Amino acid sequence: MDIKLENLTKTYGFQRAVDDISFEVKTGEVLGFLGPNGAGKTTTMKAITCYLTPSSGNIQVGGISVLENPDEVKKHIGYLPESNPLYYEMPVIDYLRFVAELQCIPREKTDERIAEMIRVCGLKGEKHKKIRELSKGYRQRVGLAQALIHDPEVLILDEPTTGLDPNQIIEIRELIKKIGKEKTVILSSHILAEVEATCDRILIINKGKIVADGSSEQLRKQAQGNEILKVQILGGDRNEVFQSLRQINTVSLVDMLEPDESIFEIQSKNEAQSARPIFDMCKEKGWYIGQLTPVETKLEDVFREVTAN
Amino acid sequence: MKSILTITKRELRSFFDSLMAYIMIVAFLGFSGFFTWIQGRDIFFVNQASLQSFFSIAYWTLFFFIPALTMRQIAEERKTGTIEMLLTKPVSEWQIISGKFLATLALIIIALLLTIPYYITVAQLGPIDHGAVLLGYLGLILMSAAYICIGLFTSSLTNNQIIAFLLALFIGIFFHIIFDILSNGLPGILGNISHYLSMSTHFESISRGVFDSKDIIYFLSIIMLGLVGSEAVLTKRN
């Protein structure tokens, strides 16, 4: 089921939380939603789940508009809100049964679905405990179980791994990836590594506008532009090496990073690659390469670049 | 309809799980029993086989108890954010409100059913007007429904339970007694309006055994106004 946002705008009073954004998510895609605090991530997610009504613009889930038929849209969405609200007084299993009934799961299938959720989310030992008695990580699992119980076509997760320990984080990521193969998933996160590990596509928004959209490789390439190499050349005088590097015609910039160890950072010209010319130069002068590493722009750098002002 | 009942079931369970239901029932039976049988203008004082004195006491006890039951119903969901969880499921605001309304009404009806022994006892003491008793109970139920809707409405306005409780009492006291007092003091049309708005006018006429569609319309209007008002407040969340 595809999700399509068309010129979505949401204002609170005079403040534009989401400002005219449009994007589309296809079935089988896991979209990571990134942005600084208050960028409009949660507002966008709440609009998709029909909790908030757009001030203008439209959202379609599987071709159904949230403005015209919210109840039909809600049936296909599994949603884990950021604060993970739960009825603390209810035992886990009763809570899941309550949600199953609200989701109109046929009576004969309810037990099966609940058992499945308890297995998938690892709640076997806690199913009869009241939610109040659970730790934060287990509560998060209950939140995930209630979002998944009706086997939704679309999954919206607002910071799904907060409060989980590293093992659980890996489990949940695997689960999201598995679900994401057939379903449409949108997840928001503050942890860039997590988004990079789980998402096929990343969308960065800032002040209510989309500032970057693409896979993590694409984003990195976009931000970086030219190739950057970190190279250590030994066996010669470092100033001579520096001069020679500057004379290579594919190189646009040379920077001496650590003069004592003669490590340089080399930026190539547009579209050019400098590894081979450097190697040839060394061969010619009788120097040798101690190390050669391509410097990748990290997603953090991309994030900072597009959201800073 | 199924979603409404799902909500009703959960609300009722939470009343009983949180002991709220037991406290309410025990307190209600205690108060009304004490003043009906033991103290003041009780049943024996009237010298007549009638439940009138019970009805006028229940009229006051329910007035105070109902806001205590309804105050957390929406306010707490707003505070903990569970309302967001509910509203992103395929249920409408109307279904949530009416589910909660039915749950509280069911609890009040349970409490009233437990006073049936009063009726049986009094019926043993002398000839009793069965129709009047039945209408008296109907009056109590209608009045409770009206206050539940006022309580739900104030609970939907805030996420602070105490404010919801006090606001419900504040609105309620107008219907309960202030309009009645005003109707005696105000001249002409204003007096008539106050007289019509006063809950006691309608409650007394029903509990005396007079079944008039005017009274029924009065109660149903308050109920609908409260429900629609709460729905509007919930819908206006953004």
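The model is a predicted one, in which local features need pLDDT of at least 70 and side-chain atom pairs count only at pLDDT 80 or more, while totals for chains, interfaces and linings use all residues. Residues are numbered from 1 along each chain as its sequence is written, chains are lettered from A and ligands numbered from 1 in the order in which they are written, and side-chain values use heavy atoms, with hydrogens and water left out.

Helices (H or I, at least four residues) and strands (E, at least two) are DSSP runs numbered from the N terminus, and two strands pair if DSSP finds at least two bridges between them. Strands of a sheet pair through backbone hydrogen bonds, either parallel or antiparallel.

**Domains of chain A**

- The domain assignment, which is automatic or comes from a database, divides chain A into domain 1 (3–221) and domain 2 (226–297).
- The centres of domain 1 and domain 2 of chain A, taken over C-alpha atoms, are separated by 47 Å.

**The sheet of 4 strands in chain A**

- This open sheet of chain A has 4 strands in the order E2-E1-E4-E5, and the pairing is antiparallel.
- Strand E2 (15–25) and strand E5 (64–65) of chain A stand at the edges with a single partner strand each, so one side of each is left without a neighbour in the sheet.
- Helix H1 (residues 41–48) of chain A packs on the sheet and touches E1, E2 and E4 of chain A, contact meaning heavy atoms within 4.5 Å.
- The direction of H1 of chain A makes about 120 degrees with that of E1(A), where axes are lines fitted to C-alpha atoms, for helices over the stretch in contact, and angles run from 0 to 180 degrees between N-to-C directions.
- Strand E1 (residues 3–12) of chain A runs antiparallel to strand E4 (residues 56–61) of chain A and is joined to E4 by 5 bridges; across this pairing, A:Thr9 stands opposite A:Ser56, and A:Lys4 stands opposite A:Gln60.
- E1(A) is also joined to E2(A), again antiparallel, by 7 bridges, and the bridge partner of A:Lys10 in E2(A) is A:Val18.
- E1(A) and E2(A) form a hairpin with 2 residues between them, and A:Gly13 in the turn has a positive phi of about 65 degrees.

**The sheet of 6 strands in chain A**

- An open sheet with mixed pairing is formed by 6 strands of chain A in the order E6-E7-E8-E3-E9-E10.
- At the edges of this sheet stand strand E6 (77–80) and E10 of chain A, and each has a single partner strand, so one side of each is left without a neighbour in the sheet.
- Neighbouring strands of this sheet are turned by 15 degrees against each other on average, with direction ignored.
- Strand E9 (residues 201–206) and strand E10 (residues 209–214) of chain A run antiparallel and are joined by 5 bridges, with A:Ala212 as the bridge partner of A:Ile204 and A:Asn206 opposite A:Lys209.
- The hairpin of E9(A) and E10(A) has 2 residues between the strands, and A:Lys207 takes a positive phi near 50 degrees there.
- Helix H6 (residues 166–182) of chain A lies across strand E3 (30–34), strand E7 (154–158) and strand E8 (184–188) of chain A, and runs at about 140 degrees to E8(A).
- Helix H11 (residues 299–307) of chain A lies across E3, E9 and E10 of chain A, running at about 35 degrees to E9(A).

**Pairings of strand E11 in chain A**

- Strand E11 (residues 228–234) of chain A is joined by 5 bridges to strand E13 (residues 263–268) of chain A, which runs antiparallel to E11, and A:Leu229 has A:Ile266 as its bridge partner.
- E11(A) is joined by 6 bridges to strand E14 (residues 288–294) of chain A, also antiparallel, where A:Gln232 stands opposite A:Gln291.
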